[in-house]
Amino acid sequence: MEALQPDTIYAPATAAGRAAIAIIRLSGPASGHAVAALAGKLPPPRAARHVRLRDPDSGEELDDALVLWFPGPHSVTGEDVAEFHVHGSRAVIAAVMAALGRQGLRLAAPGEFTRRAFLNDKLDLVQAEAVADLAAAETEAQRRQALRQLDGRLGELYCGWSDRLLRLLAHLEAAIDFPDEDLPPEIEARVAAETAALAAEITRHLADGHRGERLRDGIAVAIVGPPNAGKSSLLNQLARREAAITSPIAGTTRDVIEVAIDLAGYPIVFADTAGLRDSGDVIEEEGRRRAVARAEAAELRLFVFDAGCPADAQGAAQWPGPDTLLVANKIDLAAHRDGPPPGALALSALTGEGIPDLIATLAVRIAEIYDIAAPLLTRARHRAALESAADALQRSLDADLPELRAEDLRLAWRSLGHITGRADVEDLLDVIFADFCLGK
Ligand code: GDP
């Protein structure tokens, strides 16, 4: 029986609305036929051709366009791909799309081009996710992280672990299945030592303080301090200074107000929390509890206090360390000028004085935390799979019987395979038969 041919899909690759140019992309075996039908003939591979597009049925001219032709498998999806670069008006796009539909092509589902690229081994799942992140990146740091992931560095890290695990598994299974063969006697001890090393590496990668995920979703900076210190005023200043990111932020509550901004290329979510003050009021108490929880969870904290009440700065002592910045506010009031304790950034949330210094200090600290070369874990999906792999490796180390140890190694390997989307028993067989000449 002949394998089922995939159908040919098409979709606009550019955003809807009026623009100079819109790109309509095609992928699948009928792409070449559709291009020839609209453009007269196929352009040479990977070169742009200027053409008059015509409706193949009526002969009517549709647009003056560029056409590109990427024969598979050397294309983004691995299939025959074509692009029409047309004028970006609704009428042109609609006319070309309608003509393509009449050629028997199907409108692509969301993500279908990338899905085909994955199915044709052009990308692993980690890279496919990077494509989505790159398209959604709003700040420089997010763009860089997504690009690193698309380059395959994160996927390589996971594939490397997966390969090592597979090898361990193959060795252990060989020791179990072929006890009479001439295998090195220390094989089980070596597998255990390497399992422990791998578990330690994965655990280290997991203990990254969620930096990659935070970079993707926004780095949390909590603004805390006593009531009336000027926290809301500071948030307003910061929001006004920097271009607000447009993505909607979930979780804005009565007690915690969030503003997302692009600070020196980093996506920051500032959270203005309710004042930290003990009170008998139940609602205020709840606000306080949330403020403390938010401050604990945040990457950095701005502890704001009135420069005229330097004793208030002691409240920051509950979050010691370089990730709590002291902010002495209201220095526009003459009486407050010489109040702030050493180490505090002095500013006025009313006049804006000192705000640029605060932004610069924050940017330096954030760059220290985030500007690292090692690929970071970027998604909760990867974290869950890595955690289950690390758990399985630990169980394998604790198990008595080699059969149980092998089973846990297999589970760990499956978990890693879920990240990249490449877990197959065939892989295991390949390793077993490549490493050992057991069949003679
Ligand atoms: P929050 O309770 O900490 O959020 O404090 P607010 O931002 O609501 O400010 C409390 C009061 O202090 C308001 O009346 C503000 O106008 C005032 N305020 C805030 N920042 C400054 C400042 O830098 N200088 C002066 N003079 N007043 C300020």
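Which residues touch the most other members of the largest nonpolar core? They are L234, L238, I268, F270 and L302, in a core of 31 residues. A nonpolar core here is a set of buried Ala, Val, Leu, Ile, Met, Phe, Trp, Tyr and Cys residues joined through side-chain atoms within 4.5 Å, and buried means under 20% relative accessible area, with exposed over 50% and partly exposed in between (1.4 Å probe, protein chains only).

A quick word on the ground rules. This is a predicted model, where local features need pLDDT of at least 70 and side-chain atom pairs count only at pLDDT 80 or more, while totals for chains, interfaces and linings use all residues. Residues are numbered from 1 along each chain as its sequence is written, and side-chain values use heavy atoms, leaving out hydrogens and water.

At least two of its residues come from each of β7 (219–224), α9 (231–241), β8 (257–263), β9 (266–272), β10 (300–306), β11 (324–329) and α11 (355–370). Helices (H or I, at least four residues) and strands (E, at least two) are DSSP runs, numbered from the N terminus. With eight residues, α11 gives the largest share. Leaving aside residues up to four places away in sequence, L238 touches I223, I261, F270, L302, I355, L358 and I359, contact being heavy atoms within 4.5 Å.

There's also a second, separate core of 27 residues, and Y158, L168, A199 and A406 are among them. Y158 and L168 turn up again in α6, and A406 in α13, where these two helices meet. The axes of α6 (residues 153–177) and α13 (residues 402–420) come within 9 Å and cross at roughly 155°, so α6 is roughly antiparallel to α13. The axes are lines fitted to C-alpha atoms over the stretch in contact, with angles from 0 to 180 degrees between N-to-C directions; over 145 degrees counts as roughly antiparallel. Among the residues of this contact are W161 in α6 and W413 in α13. By type, the contact divides into 16 nonpolar, three polar and four charged residues. Nonpolar here takes in Ala, Val, Leu, Ile, Met, Phe, Trp, Tyr, Cys and Pro, charged is Asp, Glu, Lys and Arg, and the others, Gly among them, are polar.

Between β4 (61–70) and β5 (81–88) sits P73, and the peptide bond from G72 to P73 is cis, with omega near 5°. N228, in the loop between β7 and α9, has a positive phi of about 70° although it is not a glycine. N228 counts as exposed because its relative accessibility is 68%.

Definitions and conventions:
Parallel < 35°, antiparallel > 145°, perpendicular 65-115°, else oblique.
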